[in-house]
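Please keep the sequence and the three-dimensional view at hand while reading.

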Amino acid sequence: MSRHLKQVPRTGRIVPVLAILIALVASLFGLTTPANAQGPLRIEITDGVIEPLPFAAPDFQPENAAAADYARSIARVVAADLTGTGLFREIPSDAFVSNITSFASPIAYADWKAINAQALITGAVSVNGDNINVKFRVFDVFSGQQLGEGLQFAGSTNSWRRVAHKVADIVYSRITGESGYFDSRVVFVSESGPKNAKRKRLAIMDYDGANVQYLTDSSALVLAPRFSPTGDKVLYTSYETGFPQVYVLDVATVGRRALSEQQGTMTFAPRFSPDGRTVVYSLSAGGNTDIYTMDINGGSPRRLTSAPSIETAPSFSPDGSQIVFESDRSGNQQLYVMPATGGEAKRISFGKGRYGTPVWSPRGDLIAFTKQNAGRFHIGVMRTDGSEERLLTASFLDEGPTWAPNGRVIMFTRESQGADGAPALYSVDISGRNLRRVVTEGAASDPAWSPLLK
């Protein structure tokens, strides 16, 4: 957590977690689920369809006058985070039989059962100058028990949305058994201007599109930003010299530097290693494009591939032992996996069409990719050995997947056919459900999801 936010445990009794959602999704798609994810609530899945869990999130209670607006706004962000997953359904306040009037009051479980609320989230907010304090609790309505301890988060009033995302992460985790992904950010390319004179600059925002900040101006074409494992740095490709070159940018200061400056070369498609010390990227020289690594602080590049084909879009496995990349060495674009130190590469894609932009899941079990086949583009996932390929989307142009920190959701760029088909950001669950557009101020492309913030 940042110096502005701290988590303070509150008294409470640990009780069994709500049984739900992810357990059955996991059984369908082979995902890992905690062994103790059992309890009184279940979400039924038929043919891959999840029935969202109904929950109630009354406005949090303001504990002083200055907290009134924050109390309602924080509850709304928490509810939006949960419903946005497609795994939860909020019960509207006009259906409530009773309301929460005090954070300390006993819960009238019968009133919440009457409207079929299976989970109840309550909270209270106090504001003192520029400081905000939020405490909350989560209840399993049908068992009549509190889920885990009550908690509170403290921060600045300027960071109230982040506090709300942290609350939602805890609620999500207690109900699903998985970590949340709401307290995270996305770096992307913001686009403006006509198609024949596009202006592109790097921007960063909360995962839900709020709090946009610009990291570069529009004086040079920028592409493919990628977060460091700690979220404090961004790698990207810039054409400010007339040729593509990889740059390293500090998010806090917006200071930047070229990763490497080698005469007669072009560098692009960079990504960090899991420990943040190494950058893997493509380097083109003398008509050949191969994959290299370099220490983030500089030094000599190390060449990992030497085929006479084009090797690009490398991505480390979470343990840092392997790299997945795309290559046309077989005659068209396919996916390959090789040791992180280089060496023999194994092809893992064998379906019809062309494969590109692979990226390893944070869980380590899946690889997301872009696929082009029969005039359509798809975002898909496969096991790391290439088995169990599944296509999650289909459109005129879908490309460039990036994983949520918990490996549950993928964000990508979509362009629609026609003159007004400006690029936009979309997200989809790894089950292929819950396709949603991410709200941005204008056209947007090349998203990269940060890790959970600290």
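A residue is called buried when its relative accessible area is under 20%. By that criterion, strand β31, which spans residues 409-415, is mostly covered, with six of its seven residues buried.

Strand β31 has pairing partners on which the reader may now focus. Strand β30, residues 397-403, runs antiparallel to β31, and five bridges join the two. Within this pairing, Glu-399 is placed opposite Thr-413 of β31. The hairpin that β30 and β31 form has five residues between its strands, and Gly-407 adopts a positive phi there, near 75°. Strand β31 is also joined to β32, residues 424-429, by six bridges, again in an antiparallel arrangement. Here Met-411 has Ser-427 of β32 as its bridge partner.

Positive phi values also occur in residues other than glycine, and two cases may be considered in turn. One is Ala-224, with a phi near 50°. This alanine belongs to strand β14, which covers residues 222-227. Is Ala-224 buried or exposed? Its relative accessibility is 15%, so Ala-224 counts as buried. The other case is Glu-388, whose phi is near 55°. Glu-388 is located in the loop between β28 (376-383) and β29 (390-391). With a relative accessible area of 54%, Glu-388 is exposed.

What does Phe-55 touch, once its neighbours within four places in sequence are set aside? Its contacts are Ala-79, Leu-82, Thr-83, Phe-88, Arg-89, Glu-90, Ile-91, Ala-119 and Ile-121.

Finally, the confidence of the prediction deserves attention. The average pLDDT of the protein is 89, and 89% of the residues score at least 70. Over residues 1-40, however, the pLDDT is below 50, although this stretch has 104 contacts in the model beyond near neighbours in sequence. Residues 42-47 likewise have a pLDDT below 50, and that stretch has 18 contacts beyond near neighbours in sequence.

Conventions. Residues are numbered from 1 along each chain as its sequence is written. This is a predicted model: local features need pLDDT of at least 70, side-chain atom pairs count only at pLDDT 80 or more; totals for chains, interfaces and linings use all residues. Side-chain values use heavy atoms; hydrogens and water are left out. Contact means heavy atoms within 4.5 Å. Buried means under 20% relative accessible area, exposed over 50%, partly exposed in between (1.4 Å probe, protein chains only). Helices (H or I, at least four residues) and strands (E, at least two) are DSSP runs, numbered from the N terminus. Two strands pair if DSSP finds at least two bridges between them. pLDDT is the predictor's confidence in each residue, from 0 to 100.
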